Amino acid sequence: MTRTPVDLTAPESARVMGRVLAPLVAQGAIVRRPRVTAWAERHQTDRAARAVLTGLRERHGGAPLVLRFGTRRLVVVTEPDDVRRLLEESPEPFTPATKEKRGALAHFQPEGVLISSTAERWHRRPFNETALQMGQAVHDEGAAFVDAVQRGVVELTRQLDSTGRLDAESFADVWWGIVLEVVLGPKAGRDRDLVELLGALRRDANWSWLRPRRPALREDLEARIGSYLLAPEPGSLAAAAHDCGPATAVGQVPHWLFAFDAASAVTLRALAVVASRPEVRERLLAEAGPAGPSPWQTAGRGPALLPYARACVLESVRLWPTTFAVLRDSTGPTPWGERALPTGTGFVIVSSFFHRDRERLEHADAFVPEAWLDGRNDADWGLVPFSGGPVACPGRNVVLLVTSHLLARLAARDLRVERGRYLARDPLPATVDHLGLRFRIAGSA
Ligand code: HEM
């Protein structure tokens with residue numbers, strides 16, 4: 001059923017702006033601002049946002065909600081069939097290259113596929129799909145990726161053994177080593193200048209159009225990435241990218257590096273659940289099998305798939321989505337119910353609202369990896385941690401491979417997490433600040 005969009009009253013618009021959209025923007029869409037994410041957890045901002053949208057959905061019978069922000073008209077959808085329409089009809093007439101995203105991502109990836117015109121997308125999207133081997137559960141270079149994960153685990157283990165502790169900051173340092181190796185090859189593994197450079201540009205990107213561009217910095221970033229792409233090391237995504245077209249690669253790789261950052265948040269939150277729930281940890285250990293010389297390999301076919309560990313990662317990103325909102329702009333006048341929305345209307349899918357919708361999902365606030373294994377979640381257009389349709393994340397399988405192996409290996413350590421009692425039981429908190437997570441080895445003071 002197509003519902004006609006309704007104009008919100010001024011107080012309703014203020015509630016959506018103040019309690020739903022502003023907290024998401026304030027946390028940093030491109031790189032998180034630690035003080036704000038800590039504040040968001042204290043105030044459980046996603047719970048408040050869900051209450052506002054649930055109330056408005058009820059009052060307006062599920063009609064898309066239209067609000068004005070200056071000259072910008074935004075439509076917030078609240079029903080999965082509207083999500084489906086927006087995602088299936090992308091990139092035309094609903095382009096992912098929205099005004100806000102172009103303003104933000106152009107700081108460090110002006111040629112990224114996500115903000116490309118439909119004409120440019122025509123060759124950039126297949127490039128991404130092919131280099132990342134989107135359709136394959138395990139990338140051809142998967143064994144090398146898992147080797148990089150293993151080196152990271154050795155470092156984390158060393159740290160845990162010497163201090164008994166692990167926090168988000170020390171995890172991030174090792175994580176970047178893994179990411180650089182997977183994306184650019186082992187020689188890049190220690191290139192923290194590149195991470196710094198990307199970080200500076202991402203902080204600018206948080207301010208979108210409000211912050212002036214720094215072309216010199218961006219050229220530095222491109223030159224650094226370009227140096228690894230010139231003679232790519234085998235077993236890296238750079239090598240796969242080189243094979244698919246070196247000229248396109250340099251414009252796409254910044255997004256890959258940036259997108260891997262989200263995966264560290266997802267892994268940390270999944271690890272926090274594992275550290276709080278012995279039954280989840282036991283299943284992970286059972287799946288990984290007894291420790292041996294290469295317990296992770298299936299004979300001659302690269303790394304194991306680890307379906308349960310993958311499902312735990314997916315459950316983490318469902319419960320605490322890292323893409324706060326999936327955005328679209330209309331590229332022409334759009335009929336919707338009995339209205340026609342003008343060209344340039346912005347559409348917003350608030351991920352955490354759909355992912356935790358108690359009216360649709362029995363397991364809305366529970367940790368249920370099984371729902372990813374039995375197909376329940378795949379059938380639901382409201383569950384879009386990696387988006388859906390022709391613009392869906394092409395890195396999904398690569399990132400699930402890397403994170404599932406990391407999670408399964410870290411589960412071998414018996415960890416505890418501070419404030420773990422909130423994660424030990426359902427319902428789970430609506431907002432969890434991954435930057436505030438602190439782990440210790442069980443039994444240590
Ligand atoms: C946990 C980690 C990740 C999550 C949750 C995630 C999720 C998403 C989402 C929601 C989109 C937006 C699609 C849309 O607007 O409809 C997207 C796009 C994209 N992602 Fe990911 N992603 C992750 C990691 C990665 C990684 C590691 C890579 C590459 C190695 C990657 C490559 C891409 C690309 C290239 C796009 C743009 C697709 C297009 O415009 O056609 N992602 N991702």
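## Charges over rings

The charged end of arginine 85 is placed over the ring of tryptophan 336, at 4.1 Å from its centre, where a charge sits over a ring if NZ of Lys or CZ of Arg is within 6 Å of the ring centre and within 35 degrees of the ring normal. Arginine 33 lies over the face of tryptophan 207, 4.9 Å from the ring centre.

## Basis of the values

This is a predicted model, in which local features need pLDDT of at least 70 and side-chain atom pairs count only at pLDDT 80 or more, while totals for chains, interfaces and linings use all residues. Residues are numbered from 1 along each chain as its sequence is written, and side-chain values use heavy atoms, with hydrogens and water left out.

## Aromatic pairs

Eight aromatic pairs are found in a search of the whole structure; rings of Phe, Tyr and Trp (its six-membered ring) pair if their centres lie within 6.5 Å, and planes under 30 degrees apart count as stacked, over 60 as edge-to-face and the rest as tilted. The rings of phenylalanine 108 and phenylalanine 258 have centres 5.4 Å apart and planes at 65°, so this pair is edge-to-face. Both phenylalanine 108 and phenylalanine 258 are buried (under 20% relative accessible area, with a 1.4 Å probe and protein chains only).

Tryptophan 336 and phenylalanine 347 form a stacked pair, with 5.4 Å from centre to centre and 20° between the planes. Tryptophan 336 and phenylalanine 347 are both buried, and Phe94, Trp336 and Phe347 form one aromatic cluster.

Definitions and conventions: Buried means under 20% relative accessible area, exposed over 50%, partly exposed in between (1.4 Å probe, protein chains only).
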